[in-house]
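Please read them alongside the sequence and the coordinates.

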Amino acid sequence: MENIMRKKIFYAALKIMVPVLAVSVLWGCAALKHKKEPLVVGQPQHPAGIEANRIQPGLSVLYFYDLYRYMYQMPKGDAIIRKGTPGPPILQLNHRFGDGKVFDSGVNKGVGMVMTGYLHLEQPGPYAFQAKSNDGFELYINDNLLISDPAVHGDKVSEPGLMTAAEGGWFPVMIKYFQRKGTATLELYWKPPGAESFAIIPPEVYGHQPEQ
């Protein structure tokens with residue numbers, strides 16, 4: 001009888017411990033997966049035929065009109081070109097629109113944007129980027145996702161996106177943003193090598209190649 005009772009207690013404890021251990025393992029794996037490490041970016045990767053002296057100020061932009069809730073709802077791939085409405089280049093991301101119209105979209109709600117071009121990273125070394133947005137925002141450099149804040153939210157500062165440039169130059173960039181309803185904000189900050197704090201990225205850092 002005593003042995004039977006011991007077995008019952010053992011199996012009861014096992015039923016409790018197995019789920020606890022499983023959760024602990026999954027939690028540890030998730031923590032390792034989301035540990036922030038600087039992305040190492042090598043040489044600037046220009047598209048074929050790019051000429052630095054043809055780069056003009058600002059980022060090219062395409063507008064999309066819908067009440068998005070999440071970034072994945074916006075057009076992707078070839079649909080970006082097919083469905084987008086072009087506008088004048090975006091010279092800087094330093095905007096608190098409030099209830100006003102979002103850039104040159106003509107509206108103050110229900111608009112998404114895909115901005116493409118280049119960021120000029122003058123020096124090699126570590127860079128950190130941070131966005132304040134309302135609503136969704138994503139930043140890609142050399143096709144690598146550095147910042148993702150993809151859902152509807154009020155004014156919010158993102159987690160830093162970290163990278164290391166092996167050398168200076170013009171680096172391809174893509175920025176996705178949408179404003180659903182209410183107020184809108186879009187500001188992009190950086191901390192280049194040697195800087196002590198984040199600052200708004202100046203307009204001379206942004207560039208694009210006009211359509212030929």
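1. Helices (H or I, at least four residues) and strands (E, at least two) are taken as DSSP runs and numbered from the N terminus. In these terms, the secondary structure of the protein amounts to two helices and 15 strands.

2. The model is predicted: local features need pLDDT of at least 70, side-chain atom pairs count only at pLDDT 80 or more, and totals for chains, interfaces and linings use all residues. Residues are numbered from 1 along each chain as its sequence is written, and side-chain values use heavy atoms, with hydrogens and water left out.

3. Of the 212 residues in the protein, 39% are buried (under 20% relative accessible area, with exposed meaning over 50% and partly exposed in between; 1.4 Å probe, protein chains only). The protein exposes about 12,400 Å², and carbon and sulfur atoms supply 58% of that area (Shrake-Rupley method with a 1.4 Å probe; for residues, only the protein chains shown count as cover). Among contacts with a separation of 6 or more, 76% are between residues 24 or more positions apart, a contact being heavy atoms within 4.5 Å.

4. Asp-135 sits in the loop between strand E7 (125–134) and strand E8 (137–141). The peptide bond that joins Asn-134 to Asp-135 is cis, with omega about 25°. Most residues other than glycine have a negative phi, and most peptide bonds are trans.

5. Two residues have a positive phi to look at. Asp-143 is not a glycine, yet its phi is positive at about 70°. Asp-143 belongs to the loop between E8 and strand E9 (144–149), and it counts as exposed because its relative accessibility is 75%. Phe-103, also not a glycine, has a positive phi near 45°. The place of Phe-103 is in the loop between E5 and E6, and this residue is buried, with a relative accessible area of 16%.

6. How many aromatic pairs does the structure hold? There are five, where rings of Phe, Tyr and Trp (its six-membered ring) pair if their centres lie within 6.5 Å, and planes under 30 degrees apart count as stacked, over 60 as edge-to-face and the rest as tilted. The pair of Phe-97 and Phe-103 is edge-to-face, because the ring centres are 4.9 Å apart and the planes stand at 75°. Phe-97 counts as buried, at 14% relative accessibility.

7. A further pair is formed by Tyr-127 and Phe-129, whose ring centres are 6.4 Å apart and whose planes are at 10°, so it is stacked. Both Tyr-127 and Phe-129 are buried. Ring pairs join these two and Trp-190 into a cluster.

8. Ser-105 lies in the loop between strand E5 (94–98) and E6 and is buried, with a relative accessible area of 8%. Not counting residues up to four places away in sequence, Ser-105 touches Tyr-63, Tyr-65 and Val-111.

9. Which elements each supply at least two residues of the lining of the largest pocket? They are strand E3 (59–65), helix H2 (78–83), strand E4 (85–90) and strand E6 (111–121). By class, the lining has ten nonpolar, eight polar and one charged residues (Ala, Val, Leu, Ile, Met, Phe, Trp, Tyr, Cys and Pro count as nonpolar, Asp, Glu, Lys and Arg as charged, and the others, Gly among them, as polar).

10. Ser-158 is found in the loop between strand E10 (156–157) and strand E11 (161–165). Ser-158 is buried, with a relative accessible area of 7%. Leaving aside neighbours within four places in sequence, Ser-158 is in contact with Gln-130, Ala-131, Ile-147 and Asp-149.
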